[in-house]
Each structure stands twice: as C-alpha cells, then as structure tokens.
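This report looks at a ligand and its surroundings, and then at a single residue. The structure is shown first.

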Amino acid sequence: MIIDIQHVTWKREALTLLHDVSWRVNKGEHWALLGLNGSGKTTLLNMITGYLWPTEGSISVLGHEYGSVDLRELRKSIGWVSSSLQEKLYASDRTQYVVISGKHATIGLYNKLAGEDLEEARHWMQTLGCEHLWDREYRTCSQGEKQKLLIARALMANPQLLILDEPCNGLDLFSRERLLDSISELTARPDTPSLIYVTHHTEEILPVFQHSLLLRRGEVFRRGFTADLMTSDVLSDFFEAPVEIDRHGERIYVRAAASKG
Ligand SMILES: Nc1ncnc2c1ncn2[C@@H]1O[C@H](COP(=O)(O)OP(=O)(O)OP(=O)(O)O)[C@@H](O)[C@H]1O
Ligand SMILES: [Mg+2]
C-alpha cells in the first residue's frame with residue numbers, strides 16, 4: 001500500500017477544510033486528483049507528506065503510520081513537484097546541480113558529489129527529455145523546462161511516490177504536451193514510482209492515470225476508475241453546473257454546456 005488515508009478530517013478554527021476523507025493508493029497505481037480551486041488538494045498533499053497533521057483520522061504512507069515514523073526519513077521516499085518549489089531553487093545554479101540536489105532534497109548542493117551523481121542526473125534528464133539543458137543556468141530555462149528539471153530532480157532520490165501538483169501550470173499548449181509525453185514515458189519504465197497527478201484540467205489526465213479522486217469542498221466526491229468518472233453526468237454533478245465532454249483519443253475535454261433557450 002502506497003497511501004492509506006482513513007477518515008481524515010482537518011479543522012482550522014471554525015472551518016473544516018477536509019472532512020472524512022478516505023483514500024487508498026495501491027502499489028502500481030497512478031492517480032489523478034481533480035478538484036476546483038480551494039477544494040483541498042494541496043491541503044491533502046500536505047497531510048500525505050506530513051506537513052499537516054489530521055485533526056481526526058489516520059494516515060499511513062509507504063506502510064508507515066504517521067505518529068510512529070521519522071517523517072524526515074519517510075519524506076526521502078516521496079517526491080513532490082510544485083510551482084512553489086520552482087521559485088525556491090537558486091536561479092544561478094547549473095541545471096545538473098539543481099537535479100542532483102534532489103538526491104538529498106536540499107535547495108542548492110551541499111553534499112560532496114558522488115561519482116555516480118552526474119551520470120544519474122544525465123539519466124533522469126534524458127528520461128524527461130531535457131538533456132539538452134545540461135550545464136545551463138537554471139534561471140535561463142523556460143517554465144516548461146524548469147518543470148522537467150524539477151521532476152528529474154525529484155527522481156534523483158528514487159522516490160516510491162511522486163506527487164505532481166499542477167505541473168502544467170503556466171505552460172503553453174505545446175510545452176504541456178511535451179511534459180505530458182515525458183510523464184507518460186516515465187510511467188512506462190519498470191522502476192516508476194506511483195504518481196499522483198493534481199490538476200483542474202481533465203484533458204491532462206493521461207490514460208496511465210487509471211484512477212481518479214474527485215475532491216469537492218474538502219470532501220471526496222467520488223473515487224474510482226477514471227473512465228467511470230469522466231462522464232458528463234458525473235462531472236456535471238461534480239462541478240454543479242452542466243458540462244459536456246469531448247473525447248479526443250484517450251483524453252477528455254470538458255466544456256460548459258450550451259444554455260438552452
Ligand atoms: N492554514 C490554513 N488556514 C485556513 N484556511 C486554509 C489554510 N490552508 C488552506 N486553507 C483553505 O483551505 C481551502 C483548501 O485549500 P487548498 O490549498 O488545499 O486548495 P486546492 O484544492 O489546492 O486549490 P488550488 O486548486 O487553488 O490550488 C481553501 O479555501 C484555503 O483557503
Ligand atoms: Mg493547490
């Protein structure tokens with residue numbers, strides 16, 4: 001079991017920001033986490049990575065129950081890529097060192113380079129299709145290129161769980177497709193970690209994300225097979241507004257239904 005969340009509630013003063021959330025992710029599964037702004041996605045991820053503590057309920061990640069495990073150790077097995085991380089890294093660092101810093105989850109590189117570090121960084125940059133950025137200053141890379149570097153950086157630690165929190169934010173149409181292709185290739189590898197892909201956009205949910213969790217106002221609206229959930233009925237219910245879906249290949253595009261009359 002990769003994630004086992006049971007009846008988790010998180011209260012902040014008078015507000016209940018997560019309510020009775022239960023969610024299991026088994027080894028080998030990749031999940032999409034879908035919800036509108038403010039639905040609680042990042043809050044839930046903060047619980048999974050141990051930065052927030054549930055008010056009620058239990059969480060175990062990678063077989064360790066929170067409360068009885070050294071979180072700093074456990075976090076080494078969890079990769080987390082988000083746009084807030086992008087801003088924290090040092091602008092003048094060379095790309096390969098940004099990638100290598102993921103091995104120790106540090107901002108900047110403080111540990112002595114091990115012999116295989118450069119080779120591993122090259123391997124992950126190749127996997128993400130960004131090897132051509134080698135030895136560039138991080139600040140000179142585009143948003144999409146930075147996202148690829150950050151995923152490569154997270155993979156340096158050989159995580160068993162990799163969380164991608166809206167990785168396509170700020171990417172143009174083509175950069176987005178390139179990043180999605182790289183993610184797809186990553187999941188084809190035998191040593192792939194379990195992925196959690198957080199998004200507002202159904203069309204970013206690649207076929208490899210066979211499971212989805214729909215979060216609304218801090219509650220699980222539905223969870224299960226993506227194919228069962230990506231229908232106009234379920235999504236209209238979920239968004240509380242009529243939507244229609246267009247299927248293009250294996251991708252689902254949602255648009256507001258034309259109003260009648
Ligand atoms: N520490 C906090 N104190 C009070 N409210 C909070 C706190 N952290 C988050 N919230 C609120 O909880 C709700 C869920 O926030 P969260 O960041 O988890 O949403 P999200 O689903 O990640 O949204 P987005 O898609 O915009 O990133 C929001 O209404 C937010 O304002
Ligand atoms: Mg968020």
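The text below describes a predicted model.

**Around the ligand**

The shell around ligand 1 consists of 13 residues, and the closest are Gly 38, Lys 41, Thr 42, Thr 43 and His 200. By residue type, the shell divides into three nonpolar, seven polar and three charged residues. Strand S1 (3–12) and helix H1 (41–48) each supply at least two residues of this shell. Helix H1 gives the most, with three residues.

How much of the accessible area of ligand 1 does the protein cover? On its own, ligand 1 has 640 Å² of accessible area, and the protein covers 59% of that.

**A residue in helix H7**

Arg 176 belongs to helix H7, which spans residues 173–187. Is Arg 176 buried or exposed? Its relative accessibility is 10%, and buried means under 20%, so Arg 176 counts as buried. Leaving aside residues up to four places away in sequence, Arg 176 touches Cys 168, Leu 171, Glu 203 and Glu 204.

Terms used
Residues numbered from 1 in each chain as written. Chains lettered and ligands numbered in written order. Predicted model: local features only at pLDDT ≥ 70, side-chain atom pairs only at ≥ 80, totals over all residues. Heavy atoms only, no water. Helix = DSSP H or I, 4+ residues; strand = E, 2+ residues; numbered from the N terminus. Buried < 20%, exposed > 50% of the residue type's maximum accessible area, 1.4 Å probe, protein only. Contact = heavy atoms within 4.5 Å. Near = heavy atom within 4 Å. Areas by Shrake-Rupley, 256 points an atom, 1.4 Å probe, with all protein chains shown as cover. Nonpolar A, V, L, I, M, F, W, Y, C, P; charged D, E, K, R; others polar.
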